[in-house]
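Keep the model in view and check each step on it.

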Amino acid sequence: MLALQVLTNGLVLGCLYACIAAGFSLVWGVLNVINIMHGGFIVAGSYVAWLSYSRMGIDPWFTLFFVAPLFFGIGYLIQRGILNRVIAAPVLVTLTLTFGMDLILNNGMLIAFSADYRKLLLSPPLETLLLAGIVVPVDRLLAMVLALSLTLALYLILRHSRVGRAIIAVRMDRDASLLMGVDIKKIYSVAFGFGAAMAGCAGVLLALIFPISPLSAGAYLGKAFVVCVLGGLGSVPGAILGGLFLGVTESVGAVVFGPEHSVTLSFSLLIVFLILRPQGILGKKGYE
Amino acid sequence: MKTFTMDLLRSTVGRFRRAVPLLLTTVVAASVFGIQPVHAQETIKFGAPLPITGPLAPEALKQKQGYDLWANQVNLAGGINVAGKKMKVEIVYIDYQSNTPRAIQATERLITQDNVQFVFAPFGSGAAKAASTVAERYGVPMIAATASSSQVYDQGYKFLFGTFTPNETLTNPLATIIRQRAPDVKRVAILARNDLFPLAIAQEMEKSAKDRGLEVVYFEKFAINTLDHSSALAQIKAANPQWIFATGYTNDLVLMRKQMTDQRIEAPVVTMIAAPAYQEFIDAAGKGAENISSAAWWHPAVRYKGIDIFGTTESYVKLFKDTYKADPDYAHASASVSGALFQIAIEKSGSIDRQKVRDELAKMDVITFWGPVKFGPTGQITSLEPPVFQIQNAKPIVVHPAAIKQGDLKIGVK
Amino acid sequence: MSRKSLWIIVALLGLLSLLPLVGGAYALRIGTFASMYAILAVSWNVIGGMAGYPSFATAAFFGLGAYAGGIMLAGGASLAVATVATGLMTFVAAFIFGVILLRLKGHYFAIGSLAVAEVLRELTNAATELTGGGMGLNIPMSSVVKSVVGEAQFFFYIMWALLIVTLIVVIGIERSKLGFGLRCICQNESAADMIGVNSTLYKSLAFGFSGVFVAMAGVIYAGWVHYIEPPDVYDILYSVKPIVMALLGGLGSTLGAVMGAFLFLAIEEFVWRNLLDLHTGVLGLLIVVLLLFLPKGLVSFGSSWLGKRLVWRNGVPRD
């Protein structure tokens, strides 16, 4: 019974991790940029959800509808205005640049909201379900379903829209795409916009579950890293697989080794995968 | 258009490139030597390093409110009475970014560059211990408003004082009360954040529980930045304890409480340290806060008639409420009393001489709104009797000591 | 490294050594940090600038050094013994681990090296009996030096001396076959392999060197502050700041790393003093401005007097 409960917890957690990582994976895979601001975007999304609910009574699932385009726009502008200038620079430069921008974002949120942890409390609160002896909290379930839907939506956009296919093309072979007439800079901006939108939406969903503060940004980013390496870069199925794998491993690992080692476990997994299978579980096959 | 602007910017920057070496030298010189402030004769400067940014930022806010409340009260009354002359109070704040090495640097900067006369310790036991070395070396009296671990005071320093009694003064009364009120409670589960204070007090709880014949069925630590406690909680559920004891910062405990509800974990007694003392916890946990017990070094319901500038506990609470529109918790009160204790020591010694003030603090034996204040030989306070309380109907109710209790401990946390 | 660069380094070090004559304990504290930052930046440059592998392992080395050295100091060892022992241990560990880790490239290597720091931190946290875990490690004060200024001077000179040792070794590497090999690896690793450069050996040596002095600085640091906790010494900023310093000064250049470290410290101190609420944001802004407008660092001032003597026309550091 404990085993089944732990496994369920891990799967639910894993879907949340997948949602956190999907946008990050896209940006890393397509632009070869590690966006340190990703964690900050997630927290910003959470704040928007919290403000909308507590000030205006808008439920989080509706907030998603305006967070997505808002964050897309912000991401697009950031890429267009700042990151496109250094896109050809070495990995180090883009990494440090996004790190600097994240410092600014973090400081801004700290000033705007203070570091106190806020909580989005739904009233009436969502209860728990008892299924075959396993307890599943409804809010996590809901967040999981929405997270999967969002990830699926991203997948469909990538696969079936013109812009999406262009993004995949750039991911597969940048120079060939250029030769085929794809406007690389625009595609980069769109991809970054998608990444930011996913982060913002993930933030809205996470607001249902976790307390909100600029101090959580680092923890989310850390999870995103691990999921990307485990699952494979730039692919949505990869993010889902990586997320589930991480979620289950952490849950089971906390029982087997003790909860204090959960962070060690995820990063050790990261190192092992980097050494043995850096392209992740799905690897190149995961492009779609 | 875009490239034009970029070129313009680049050429402007380029023109200034020659100035860089000069700029470099100026910046280096300016930061190393600093601009020495004019030493005003009429103010006493106090240094307060605070973790304004970083993970401890919420605590910095409370401390600042506490210190400011004291400083404002003193200055409204004209200042501290130093042998007949009134001198105003000025507090100099520095952000040490929740980073202990910076805390040490901040303390030294306050003493050597900002020329403060006295200093408050940074937040928490670790940083306080580290910074106390600096204070001791320079001979500057330091009061620690939030350091409870007795290890902080074990270096034999003479200039360090603390307003928190050791951790066992919280865990022992808790264990005793629960034994009395809930004799059926036999099994305890403990989950602690792997951080200085939360882990230290969890270890004390283990001792206190075992001393009273309780069985500790689970004791684990969780890493800082843990986002999910469900596995630990699932194991706790499987161990079937009657008393769950959890330590961590506010966000950890809010999350944990919610996940307990998610997993339908119930127990006769659930104790958490230290978040239930804060209004933020009650707000964030909602119905989940009901019947959670806790202990702290002070509570707005205690009743003391102090000789300090605030007077009685009620007047302190009222003043705080009028100023900040919220109830004070023990973190605010401890900061305020630290200032008030400096004031009492200065007034008693009739001077701002560091050694004299230090000696007054060492032999102090007074009642304040915080409680009776007497420091032991290590500098840590020994005279407090920390209240045990429980959240009932979204309000913290004191259940111990008997002299000030407002209600009885209720059993059963859903 | 050109002779001009060498003289500039000597001049900077000389100026720094005069600090105790003009500054009090606080100025010495800043000076000690200046030397420490320079050690971190110069060490990072060996693997990040010369070999071209963006390492984020600096925090891992620093933390490892601080704890290994700290435990030895707490156990009664002298500072000299603890420092040298820790340095050797770290070199060997970094070399061995490097053989595995350096098979990765680019972002993957960056993430992997960062993960090492995270894992080490949690392992340190978990080993509560040995390290004190989350409750930190106390290192006793040296009983030899009693006064504030005395202690400040002592640690200042020790860190300064370590900086000199680091520079001697790193400049030696630059001029040696190892340095040449690293530069080849940086430009094109497969080509380097083909002309007979043993890239695995060279890279691992570079990784080892990038760690040894950082770890030794960690030991000195632990002895200096007397109390360390895992989140403090394994702080990711100890990995990021040396990179920013090296970029500030000019990637690949040892002189650049030194200048970058000093300038970064000055900016950081200035911002910290004067902008209580905004200092992290301003630091971020500085990083952004630096990377957008000054991507080749201080040593790349093409038309300035300093620049002409340090770079070739195409902006490549003359080092």
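**Exercise 1.** Show that α2(A) and α9(A) are oblique to each other.

*Solution.* Start with what is being read. This is a predicted model: local features need pLDDT of at least 70, side-chain atom pairs count only at pLDDT 80 or more, and totals for chains, interfaces and linings use all residues. Residues are numbered from 1 along each chain as its sequence is written, chains are lettered from A and ligands numbered from 1 in the order written, and side-chain values use heavy atoms, with hydrogens and water left out.

Step 1: find the elements. Helices (H or I, at least four residues) and strands (E, at least two) are DSSP runs, numbered from the N terminus. In chain A, helix α2 covers residues 38-56 and helix α9 covers residues 217-231.

Step 2: take the axes. These are lines fitted to C-alpha atoms, for helices over the stretch in contact, with angles from 0 to 180 degrees between N-to-C directions. The axes of α2(A) and α9(A) come within 7 Å and cross at roughly 125°.

Step 3: name the angle. Under 35 degrees is roughly parallel, over 145 roughly antiparallel, 65 to 115 roughly perpendicular, and the rest oblique. Therefore α2(A) and α9(A) are oblique.

Step 4: list the contact (heavy atoms within 4.5 Å). From α2(A) come His38(A), Gly39(A), Gly40(A), Ile42(A) and Val43(A); they meet Ala217(A), Tyr220(A) and Leu221(A) of α9(A). By class, this contact has five nonpolar, three polar and no charged residues. Ala, Val, Leu, Ile, Met, Phe, Trp, Tyr, Cys and Pro count as nonpolar, Asp, Glu, Lys and Arg as charged, and the others, Gly among them, as polar.

**Exercise 2.** At what angle do α2(A) and α3(A) cross?

*Solution.* Step 1: helix α3 of chain A spans residues 60-81, and its axis comes within 10 Å of that of α2(A). Step 2: the two axes cross at roughly 140°. Step 3: α2(A) and α3(A) are therefore oblique. Their crossing is right-handed. Step 4: look at the residues. Phe41(A) and Tyr53(A) are among those from α2(A), and Pro60(A) and Ile78(A) are among those from α3(A). The contact of α2(A) with α3(A) has 10 nonpolar, three polar and no charged residues.

**Exercise 3.** Classify the crossing of α1(A) and α9(A).

*Solution.* Step 1: helix α1 of chain A runs over residues 2-31. Step 2: the axes of α1(A) and α9(A) come within 8 Å and cross at roughly 70°. Step 3: the two helices are therefore roughly perpendicular to each other. Step 4: Tyr17(A), Phe24(A) and Trp28(A) are among the α1(A) residues that meet α9(A), whose own list includes Lys223(A) and Phe225(A). The classes are 12 nonpolar, one polar and one charged.

**Exercise 4.** Describe the interface of chain B and chain A.

*Solution.* Step 1: count residues. 39 of chain B are in contact with 37 of chain A. Step 2: give the area. About 3100 Å² is buried between the chains, 62% of it on carbon and sulfur atoms. Buried area is the accessible area (1.4 Å probe) that two parts lose on being put together, summed over both. Step 3: count salt bridges (a side-chain nitrogen of Lys or Arg within 4 Å of a carboxyl oxygen of Asp or Glu). Chain B and chain A share three. One salt bridge joins Asp139(A) and Lys258(B), with the closest N and O atoms 2.6 Å apart.

Terms used
A crossing is left-handed if the near helix is turned anticlockwise from the far one by less than a right angle, and right-handed if clockwise.
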